[in-house]
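Open the model in your viewer and keep the selection tool ready. Each stop below says what to select and what is there.

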Amino acid sequence: MAGRINDDDVKAVRDAVPIDAVVSEYLQLRNAGGGNLKGLCPFHDEKSPSFHVSPAKGLYHCFGCQEGGDTVDFIMKIDHLSFAETIERLASQAGITLRYEEGGYTPGRQQGERTRLVEAHKVAAQFYAEQLDGAEAEIARKFLAERGFDQSAAQHFGLGYSPAGWDHLTRFLRGRGFSDQELVLSGLSQEGRRGPIDRFRGRLMWPIRDIAGEVVGFGARKLREDDNGPKYLNTPETPLYRKSHVLYGIDLAKKEIAKTSRAVVVEGYTDVMACHLSGITTAIATCGTSFGEGHIKILRRLLMDHSGSEVVFTFDGDAAGQKAALRAFEDDQKFAAETSIAITPGGMDPCDLRLAKGDQAVADLVESRTPLFEFALRHVASRHNLDTTVGRAAALDEAAPIVARIKNSSIQHESAVQLAGMLGILDTQFVVRRVSQLARWARERGRDGGPDQARPQQRRGRAAPAEPARPAAPRGPALNLRSPARRVERELLKLALQRPDLVSPAFDAYGADEFTAPPYAVVRQCIEDAGGTTAGAADQSYVPRVREAAPDDTVRAMVTELAVEPLLTRRDPDEAYAGVQLATVRIAAVDARIADLEGAARRCEAQGDHAGSAAMLQELWVLQQYGKTLRERGAAAL
């Protein structure tokens with residue numbers, strides 16, 4: 001049975017790894033005000049960033065899909081890890097040695113499966129890199145030299161060599177404590193007639209890393225004529241490696257992609273190397289598969305989908321390259337970024353281009369890009385006889401929907417004018433109206449159709465609602481956030497979690513009946529159970545204690561949401577702002593009690609209970625005076 005990680009060590013790991021540093025490995029974060037950060041949610045598709053991170057609280061929350069939690073929750077969710085695997089990974093990053101209870105720690109027996117597979121790949125990458133210096137790897141070094149890559153380039157990208165024998169790596173990893181089952185599961189070995197053998201033998205090796213920089217697979221290039229395998233052999237689908245969800249070079253390119261808002265998509269490992277060495281450090285490539293939905297999601301989180309971002313595809317000018325470009329165009333509308341294409345001259349890929357003409361030629365290739373929709377239009381035009389009326393009409397029928405799909409309305413109009421000239425149609429306004437009509441019909445279908453039709457429109461530029469967007473079936477309690485009373489209650493709870501120093505000690509004297517939304521009353525109780533705002537004003541573990549006090553996941557998620565959600569003031573909150581929230585909530589509670597007493601007093605009078613009525617009227621008078629004072633003096637009357 002696996003040992004339990006010591007509680008103090010778990011706390012040390014949580015405290016040691018800042019949540020913004022962890023989340024930034026997966027998506028670009030920008031300032032959201034109030035010390036918070038925001039970005040595109042990695043857990044659902046969205047155009048406007050609704051994913052908020054609070055470094056001070058160590059929490060994240062998405063106001064679109066309601067996912068939220070702390071650093072550990074984030075890693076568990078995004079990388080599908082167990083709690084123990086997540087703690088082990090974060091501990092490794094922070095340099096913390098974990099202690100295990102219930103019999104101690106046995107390496108290999110108690111680590112989580114994913115952690116073990118990641119460690120096996122890390123050791124394998126080191127093993128392959130060391131082999132590249134050996135005599136047998138001369139053929140691999142020659143291959144690299146012929147393509148303009150020296151030893152420093154090989155080291156920068158972590159290249160290696162897999163020995164030609166049957167089980168060199170397998171025996172090495174066994175010696176490091178890995179089981180045969182782990183080696184086969186990882187894809188590093190495969191079943192042979194007498195047990196596991198190396199999957200990669202006698203090949204040049206590229207380590208493939210995920211966005212967090214961990215080796216999750218390998219790409220292997222054939223070097224010898226007697227190798228009967230494919231030219232490139234990749235790691236098979238494993239618990240770590242899914243080719244539709246990895247991009248080669250993303251670990252090296254992610255920061256520059258986020259900084260420049262541009263990604264360059266090339267076709268192979270050597271192309272990525274050539275681009276990076278030529279100064280195009282935003283280059284990435286797919287791993288043995290076409291560019292698809294999973295890859296788009298990775299880039300969108302880094303590009304943040306603002307209007308100035310761009311994705312540049314590079315393809316050969318041959319028929320296969322044109323087909324790949326058109327396939328990429330089909331996914332164009334899944335980006336808010338502009339998409340462009342750079343056609344390599346003479347059928348050369350970026351690696352060949354750098355070798356033939358130098359680094360500047362590769363940089364010039366990217367700068368020579370043209371919009372992908374323009375490339376698609378020219379492709380359509382080339383398939384029709386534009387010298388005839390019938391040919392021009394057929395070309396317009398095929399090309400107009402392409403222009404109608406362009407997101408930017410001003411570019412759409414200019415492209416319609418350009419299309420008229422390209423097809424030789426003299427009535428430019430006819431083409432413009434045709435495109436406009438198709439675009440309008442598409443929007444109407446999006447509004448009137450089912451979820452599959454409506455969803456793209458929701459991602460493209462509709463104004464955000466005043467309150468954070470909610471899914472149709474929210475996981476949390478359904479609240480009428482338009483109610484002014486509840487909005488103020490929400491703001492007060494946010495202050496109690498985010499700035500307890502501003503509402504303490506007055507907040508701690510508030511009862512559950514002062515919060516008209518039952519879930520808010522439960523959150524108030526959680527704050528009380530965690531020691532109240534007085535204790536929380538000087539305690540960094542205050543919010544985690546409130547979360548731990550939550551009776552279930554729904555309330556815990558609401559605590560996280562309230563602790564991260566921006567306050568409704570544009571300036572830094574102060575005691576005056578907090579006082580307004582405190583007084584407003586108390587006034588609402590007093591008014592509600594006054595209404596209850598007025599009704600009760602009337603019922604007593606109707607039943608002839610004059611004594612009961614008189615007592616209620618006395619209490620009513622006191623409350624009315626208190627309410628008047630609150631309205632006049634605000635928080636000073638609390």
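**Stop one: charged pairs**

Select Arg 174: at 36% relative accessibility, this residue counts as partly exposed (buried means under 20% relative accessible area, exposed over 50%, partly exposed in between, with a 1.4 Å probe and protein chains only). This is a predicted model, where local features need pLDDT of at least 70, side-chain atom pairs count only at pLDDT 80 or more, and totals for chains, interfaces and linings use all residues. Residues are numbered from 1 along each chain as its sequence is written, and side-chain values use heavy atoms, with hydrogens and water left out.

Move to Asp 227 and Arg 203. Their closest N and O atoms are 3.1 Å apart, in another salt bridge. Asp 227 lies in the loop between β10 (215-222) and β11 (232-234), and Arg 203 in strand β9 (residues 203-209), so the pair ties together parts 24 residues apart in sequence. Strands (E, at least two residues) and helices (H or I, at least four) are DSSP runs, numbered from the N terminus. Asp 227 counts as buried at 16%; Arg 203 is buried at 3%.

How many salt bridges does the structure hold? There are 33. One network links Arg 490, Glu 491, Lys 494, Glu 561 and Glu 565.

**Stop two: helix α26**

At its start, a side-chain oxygen of Asp 552 reaches to within 3.1 Å of the backbone nitrogen of Thr 554.

**Stop three: helix α17**

Select residues 389-404. Helix α17 bends by about 30 degrees at Glu 398 (the angle between axes fitted to the seven residues ending there and the seven starting there). Pro 401 follows within four residues. Buried residues of α17 include Gly 391 and Ala 395.

**Stop four: the cores**

Select Val 23. Leaving aside neighbours within four places in sequence, Val 23 is in contact (heavy atoms within 4.5 Å) with Leu 29, Phe 51, Val 53 and Phe 74. Val 23 is among the residues with the most contacts inside the largest nonpolar core, which has 47 residues. Such a core is a set of buried Ala, Val, Leu, Ile, Met, Phe, Trp, Tyr and Cys residues joined through side-chain atoms within 4.5 Å.

Methods
Expected span 1.5 Å × (residues − 1). Polar contact = N/O pair within 3.5 Å; in protein donor to acceptor, adjacent residues only side chain to side chain. Salt bridge = Lys/Arg side-chain N within 4 Å of Asp/Glu carboxyl O.
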